[in-house]
Amino acid sequence: MDKILAVFKREYMERVRLRSFFIATIFGPILMAVLLILPAWLATRTRISTDVSNIVLIDASGTDLGQRIAGQLSRNGGNPEVRQVAPDGVAAAESLATRQVVAKQREGYLVIGQETVSGERARYAGRNASTLPDMRFVEDAIEQSVRNSRFEAAGIDGQRVQALSNVRLSLGTERLSERGRGSAGRENVVLAYVIAMLLYMSIVLYGQSIMMSVIEEKTQRVAEVVVSAIQPKQLLAGKVLGVGAVGLTQQLIWVASGVLLVRFQAPIMKAVGLAGAPMTMPSVPLTTALIFLVFFVLGFTFFTAMFAAAGSMVSTTQDAQQVATPLTMLIVPSILLLSPVMLEPGGTLSRVVTLIPFTSPILMPVRMSLTNVPWFEVFGSIAILVVTCFGAIWVAARIYRVGVLMYGKKPSLAEVGRWIRAR
Amino acid sequence: MTLALDIRSITKRYSGHVAVRDLSLQVPKGTVYGLLGPNGAGKTTTIRMLLNIIAPDEGSIAILGRLNTEKGVLDQAGYLPEERGLYRKMQVRRLLRFLAELKGVKGAEADRRIDAWLDKLSLRTAEKDWGAAKVDELSRGMQQKVQFIGTLLHEPQLVILDEPFSGLDPINSQALKDTILELRRAGRTVLFSTHLMDNAERMCDAVCIIARGEKVLDGAVAQVKAEHGGAHLALGLAGGATAAVSEVLNDRSIVARADDHNRFFEIELSPGADAQVLLRRLVESGAIVERFEKVQPSLHQIFLQKVGASGIEDGMTGHG
C-alpha cells in the first residue's frame with residue numbers, strides 16, 4: 001500500500017507541477033469568464049450610442065418634418081440641430097456640416113427633402129454610419145415622423161395610434177413529453193451539456209496522457225527499475241489513481257470557479273462596467289452531485305486503465321495512436337448520442353445507453369440532470385459499471401504486467417490474448 | 001553458512017524456446033558473485049526471475065532464507081538493470097526520494113541518505129548541487145551515478161547488477177569496482193552479470209558460467225580454475241608466429257587449443273603431451289621464445305574450453 005502511495009504521489013505531484021496542467025486549469029475559468037462577459041459586452045455593442053441624436057438635420061423639405069424628426073431623435077437624449085435650407089442651399093449646408101463632423105463637434109448629418117416627405121428616401125453621413133443600431137434608430141425616427149405627419153393630415157392623433165399599437169408580450173415556454181410536464185428547464189440543459197463535455201474532455205485528455213506516460217516509462221527504461229520494487233498491478237493502480245486525482249483536482253477547480261463566477265456574476269459585471277443579465281444556478285441536490293462523482297470516478301478509472309494497458313502494448317508513440325483508436329471509438333458514441341439523449345431523456349434509447357458501461361459514465365449524469373431517473377436504473381447502471389470496471393482493471397493489469405517489459409514490435413491481438421491468460 | 005541467494009532448479013520457457021533450464025545456484029552471504037555467459041545465455045532472464053519481475057515456470061528462489069515472492073523480501077535487494085533508465089523530466093532529488101520510497105525508506109531518513117550519496121559521488125559540491133537539477137540536465141556519467149545511488153539508497157543486503165560495466169568509461173568503471181569491493185567489505189552480497197571475463201576473474205569470489213540457458217559450471221574462482229584447467233602455458237614470441245610456428249601450434253597431438261593474441265598465446269596442452277617437447281619443436285621451427293611459462297588457465301580459457309567457440313556469439317570477449 002505504501003508503494004502504491006509512492007507511485008500515486010509521484011504521478012500526482014509531477015503532473016500538477018507541469019506548466020501544461022497550470023495553463024489548462026486556469027484556462028477553464030478564463031473561458032467561463034469570457035463566456036459570461038462576452039455576450040453582455042456584445043450586447044453593449046448592439047445598443048444605440050447616446051451620440052446618435054447629436055447630429056445636424058439639413059431640412060430642405062420646406063415642411064416641419066425636420067422638427068418632428070428632431071423631436072423623435074431627442075427621445076434618446078441629446079439635442080439635434082435643425083437647419084432649414086432652400087433646396088439649392090443643401091450643398092453649402094452639407095460642406096459646413098461635414099467640417100463640423102470632422103472637427104468632432106457633431107456625430108453626423110441627415111439630409112431630408114421633398115422625397116423624404118413622400119416617404120421615399122433620406123441621406124445620412126456621419127461617424128457612426130456603419131453602426132447598425134444607430135442607423136436603425138435614425139431610420140425609425142424618420143419613418144415615425146413621416147407617419148405622424150400623415151396621420152395628422154388625415155385628422156388622426158398620431159400619439160394615440162402609437163400608444164394603442166404598442167404591445168410588449170413575453171411568451172413563457174414549457175416542455176411537454178410523454179413523461180410529463182416541465183422535464184427540463186433551460187439551465188438544466190446547459191448543465192447537462194457542461195457535464196458531458198467536462199467528462200468527455202477529461203477522459204480523452206487524461207486517457208491519452210496516462211498512455212503517453214506508460215510509453216515514456218518504457219522508452220526511458222524506467223519501468224524495469226520500478227517493477228523490480230513493486231508489482232506491475234500496483235504500479236498501474238498508483239498511476240491510474242494518481243492521474244485520476246489530478247483530473248479530479250482540475251475538475252473541482254473548474255466547477256468551483258464556475259459556481260463562484262455565477263454566484264458573483266453581478267459584482268464582476270459591474271467591475272468591468274457591464275450590466276449583467278440575471279442568471280439562475282441549476283439546483284443540484286447533494287446526493288445527485290455525489291452520484292455524478294461516482295460516475296466520474298468509475299468512468300475515468302475504466303478508461304484510464306484501458307489506456308494504460310494500451311500504452312504498455314507498444315514502444316513508440318506512432319504505434320500508440322493505433323492502439324488508442326479502438327478505445328477512442330468506445331468514448332465517441334457518448335458524444336454522438338448526446339443530442340438524442342438530451343432530446344428525449346426518458347426514451348428507450350436513453351435508458352439503454354445509460355446502462356451500457358462505455359456510454360453510461362457520460363450519459364447517465366446528462367440524463368439525470370434533465371429528468372428524474374428511477375433509482376433502480378441509476379444503481380443498476382452503477383452496478384454494471386463497477387463490474388465492468390473491475391473486469392477492465394483485471395485485464396489491463398495482466399496486459400500491463402507483460403507489456404511493460406516488452407520492447408519492439410506491436411503485439412498482435414492473439415499475442416495480447418496470450419498475455420492475458422499467461423501465468 | 002547463510003545463503004544470500006538460493007536458486008533451486010528454475011526453468012523459464014517462452015513460446016518456442018527455453019530461456020533458462022533447470023538452473024540451481026547458491027550464493028553465500030558476503031561474497032561477490034559473477035554470472036558469466038555470452039549474450040542470449042539467459043543472464044537477464046535469470047536476474048529478472050530473482051527479482052520476481054517475471055515468474056519462473058518451475059523452481060524456487062530464496063533471498064536471505066525467504067522466498068522472493070514473500071512480502072518485503074525484495075526490499076532487501078537492490079537492482080541495476082542492464083538498460084539504465086530514469087524519469088528524465090524529474091528533479092534528481094525527487095526521483096531518488098521516489099526510488100527510496102518504493103523500497104520502503106521514507107522522509108528525513110531518505111533525504112539524509114540522498115545527501116550523503118550526492119556528496120560521496122561529488123554530485124553535490126560547493127559550486128553546484130546537481131540534486132536540484134532535472135535528470136536530463138545531467139551528463140551521461142552523472143546519470144549513471146544517480147542510477148547507482150537509486151540502487152543502493154535503501155542499503156540492500158543483496159545487490160544485483162546486470163551488466164554493470166557496459167557503457168562505463170575507465171574512470172567510472174574503476175569507481176564501480178571500488179564500490180563493489182567496498183560493499184563486500186561491509187558484508188553485503190553482490191551478484192553481477194557480465195560477459196567480460198577479465199573483470200569477473202579479478203573481482204569475483206565465485207562464478208557461474210551459463211550458456212544457452214544452462215549452467216556450465218560454478219564454484220569459487222580458485223576451485224574452478226583448479227578443477228577445470230588442464231595444462232596451460234603462456235607463450236610469448238618476438239615478432240609473432242611464422243608459418244612454421246603455426247604448424248607446430250596446430251599439431252593437435254601436442255596442443256589442444258591455442259588462443260592467438262599475435263605476440264602472446266594462451267596454450268592448452270593435449271592430454272599426456274609434454275611441455276618440453278613443445279618447447280623443443282618451437283625452437284626448431286625458428287620461433288624466438290620470449291616467454292614460456294606454466295600458468296593457471298584464465299576464466300576466458302575455461303569458458304572457451306567448456307562452452308566451445310559455438311557458444312561465443314557477438315559481444316563475447318575475454319577482455320574488458
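A disulfide is a pair of cysteine sulfur atoms within 2.5 Å, and this cut-off is applied in the first view of the predicted model.

**View 1. A salt bridge between chain B and chain A.** The side chains of Lys106(B) and Asp2(A) meet in a salt bridge, with 2.8 Å from N to O. Because Lys106(B) lies in the loop between α2 (92-102) and α3 (107-120) of chain B, while Asp2(A) lies in helix α1 (residues 2-16) of chain A, the pair joins two chains. Lys106(B) is partly exposed, at a relative accessible area of 47%, and Asp2(A) is also partly exposed, at 46%. For the complex as a whole, the predictor gives an ipTM of 0.77 and a pTM of 0.73.

View 2. Glu143(A) and Arg147(A) form a salt bridge in which the closest N and O atoms are 3.8 Å apart. The two residues are four positions apart in helix α6 (residues 132-153) of chain A, and are therefore separated by about one helical turn. Glu143(A) is partly exposed, with a relative accessible area of 38%, and Arg147(A) is partly exposed as well, with 37%.

View 3. In chain B, Arg124(B) is paired with Asp115(B) in a salt bridge whose closest N and O atoms are 3.6 Å apart. Arg124(B) counts as partly exposed at 28% relative accessibility, and Asp115(B) counts as partly exposed at 22%. In chain A, a network of salt bridges links Arg10(A), Glu11(A), Arg15(A), Glu217(A) and Lys239(A). Over all chains, the structure holds 42 salt bridges.

**View 4. Domains and confidence along chain B.** The domain assignment of chain B gives domain 1 (3-226) and domain 2 (230-295), and the C-alpha centres of these two domains lie 40 Å apart. Chain B averages a pLDDT of 86, with 95% of the residues scoring at least 70. Over residues 310-320 of chain B, however, the pLDDT is below 50, although this stretch has 27 contacts in the model beyond near neighbours in sequence.

**View 5. The C-alpha trace of chain A.** Chain A comprises 18 helices and six strands, and its C-alpha trace spans about 105 × 50 × 40 Å along the principal axes. The radius of gyration of chain A is 33 Å, whereas a compact globule of 423 residues would have a value near 22 Å. Of the 423 residues of chain A, 44% count as buried. Among the contacts in chain A with a separation of 6 or more, 74% are accounted for by residues 24 or more positions apart.

Note on methods. Residues are numbered from 1 along each chain as its sequence is written. Chains are lettered from A and ligands numbered from 1 in the order in which they are written. This is a predicted model: local features need pLDDT of at least 70, side-chain atom pairs count only at pLDDT 80 or more; totals for chains, interfaces and linings use all residues. Side-chain values use heavy atoms; hydrogens and water are left out. Domain bounds come from an automatic or database domain assignment. A salt bridge is a side-chain nitrogen of Lys or Arg within 4 Å of a carboxyl oxygen of Asp or Glu. Buried means under 20% relative accessible area, exposed over 50%, partly exposed in between (1.4 Å probe, protein chains only). pLDDT is the predictor's confidence in each residue, from 0 to 100. Contact means heavy atoms within 4.5 Å. The radius of gyration is taken over C-alpha atoms; the globule rule is 2.2 Å times the number of residues to the power 0.38.
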